[in-house]
Amino acid sequence: METKDEVVQAVVVILVERFALRAEEIQLESRFGDDLDLDSIDAIDFAVHVEEEHGLVLDEDDLKELRTVGDVVDVLYRKLEVSTRGAA
Amino acid sequence: MSVKAGSGSAASWDRRAERGAMLGLRFGVAFFRLVGARLCLLLAIPVVTYFFLTDRDGRRASLDYLRRVHATPDGRRVLGRPPTRWTSYRHYRGFALAIVDRLDLWLGRESRFSFEFHGREPLAKLVKEKRGVLVLGAHLGSFDALRALARLDRVVVNLAMYTNHAARINRVFRDLSPEAEVRVIPLDPTSAHSVFALRGCIERGEMVAILADRVHPGDRRRRCEVPFLGAPASFPTGPHELAAVLGCPVFLLLGLRTGRRRYDVVAERLFERVELPRRPPERAARVASYVADYAAALERHVLRAPLQWYNFFDFWEQPRSGRMS
């Protein structure tokens with residue numbers, strides 16, 4: 001996972017495989033609660049899967065700010081950039 | 001990940017009901033302090049009679065539940081004859097007695113009670129090792145018996161509940177019994193904060209307690225149907241999914257009244273750890289199997305003390321399953 005498009009893909013894959021959502025209902029502007037019907041336990045589950053599969057940690061402060069799929073993509077991409085820069 | 005719930009009439013009804021409950025809590029405690037337990041027990045009889053006579057739906061639900069109990073061999077043995085309106089009245093009266101005991105316990109008067117513990121050692125061992133535990137309860141007997149356990153084993157108990165008034169409830173509990181290490185943590189399906197707070201409790205080696213028998217409106221899709229007293233009934237899956245997130249041992253804990261200020265406190269290890277597969281169909285089936293184990297354990301205790309089941313509504317008609325199943 002290196003580019004923003006790949007981050008989007010990774011997020012969609014988790015949402016489809018893990019939360020039984022249809023890929024076509026997931027848009028960058030989709031809201032987790034109102035549009036995708038995900039709740040607080042889902043949020044933690046999502047964070048755990050992102051960490052297990054991509055090594056990126058979403059903590060409580062991150063989760064508090066995330067309202068849409070696009071928000072998650074932005075935060076993950078930022079974290080990815082930081083970790084790549086750190087590794088270089 | 002912030003998720004926002006709808007603001008339908010059910011939610012506002014819930015808020016109103018909760019405000020009423022807060023007022024009732026303060027009034028009930030003040031009255032109890034004023035007149036004492038003995039007079040409260042006497043006054044409970046006319047109050048129960050009034051509620052019994054006027055609550056037609058509750059009466060019907062009680063009798064339906066008692067008939068289901070009586071349809072089982074253990075239930076027949078405990079109840080004796082087929083349930084009548086008189087059995088149902090005793091069911092209501094049991095609830096009133098439990099409330100009087102509850103007020104006593106809230107005032108920190110555990111020393112006036114006699115508790116007989118069953119299966120406490122494994123729980124005490126985990127507490128001693130500073131390992132957090134999730135305790136599942138039910139509206140059977142008194143969950144407040146947990147307070148006795150908390151005091152005895154010197155462990156902080158965090159009651160996870162759906163409420164918008166956690167701070168106020170905590171203040172009332174602190175006023176009533178300043179030494180009690182029991183606090184309320186609000187469960188908010190729309191915020192990950194509550195789950196993080198509960199994880200923090202487990203990491204500190206504390207107990208997290210949650211009632212796991214009623215489907216709450218906030219549990220919109222976290223429910224499944226499992227057998228209970230001979231028919232499928234809806235139970236929440238949220239507590240078991242929370243257990244998976246918390247990654248700690250799970251116990252069933254019930255306080256069954258055996259006499260005036262006397263309780264059997266039963267702790268039973270349900271799961272060493274709840275583990276759920278990733279993919280939704282397998283996950284739903286696995287969650288349902290955990291819930292079925294909880295419901296089967298609960299049923300055994302219900303049949304020991306059927307008149308202490310305090311769900312006065314049609315339990316088998318709770319909202320049906322959502323996406324999870």
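Q: Which residues make the nonpolar surface patch of about 480 Å², and what makes it a patch?
A: The patch is made by B:F27, B:F31, B:L39, B:L42 and B:L43. Patches consist of residues with over 30% relative accessible area and no salt bridge, like charges being joined within 9 Å and nonpolar side chains (Val, Leu, Ile, Met, Phe, Trp, Tyr) within 5 Å. The areas come from the Shrake-Rupley method with a 1.4 Å probe, and for residues only the protein chains shown count as cover. This is a predicted model, in which local features need pLDDT of at least 70 and side-chain atom pairs count only at pLDDT 80 or more, while totals for chains, interfaces and linings use all residues. Residues are numbered from 1 along each chain as its sequence is written, chains are lettered from A and ligands numbered from 1 in the order in which they are written, and side-chain values use heavy atoms, with hydrogens and water left out.

Q: Why is B:L43 called partly exposed?
A: The relative accessible area of B:L43, which lies in helix α1 (residues 9–54) of chain B, is 34%. Buried means under 20%, exposed over 50%, and partly exposed in between (1.4 Å probe, protein chains only), so B:L43 at 34% is partly exposed. Helices (H or I, at least four residues) and strands (E, at least two) are DSSP runs, numbered from the N terminus.

Q: Why does B:D101 count as buried, and which residues is B:D101 in contact with?
A: B:D101, placed in helix α4 (residues 85–106) of chain B, has 0% relative accessibility and therefore counts as buried. Leaving aside neighbours within four places in sequence, B:D101 is in contact (heavy atoms within 4.5 Å) with B:F113, B:R257, B:R260, B:R261 and B:Y263.

Q: What makes B:R261 and B:D104 a salt bridge, and why is the pair said to tie together separate parts?
A: A salt bridge is a side-chain nitrogen of Lys or Arg within 4 Å of a carboxyl oxygen of Asp or Glu, and the closest N and O atoms of B:R261 and B:D104 are 2.6 Å apart. B:R261 lies in the loop between β8 (250–259) and β9 (262–271) of chain B and B:D104 in helix α4 of chain B, so the pair ties together parts that are 157 residues apart in sequence. Both residues are buried.

Q: How do you know that the salt bridge of A:D42 and B:R222 joins two chains?
A: The side chains of A:D42 and B:R222 meet at 2.8 Å, N to O. A:D42 lies in helix α2 (residues 40–54) of chain A, whereas B:R222 lies in the loop between β5 (207–211) and β6 (223–228) of chain B, so the pair joins two chains.

Q: What is the area buried between chain B and chain A, and how many salt bridges are counted there?
A: The buried area, meaning the accessible area (1.4 Å probe) that two parts lose on being put together, summed over both, is about 2,500 Å², of which carbon and sulfur atoms give 53%. In this interface 24 residues of chain B are in contact with 27 residues of chain A. The count is 3 salt bridges, and B:R283 forms a salt bridge with A:D45, with the closest N and O atoms 3.0 Å apart.
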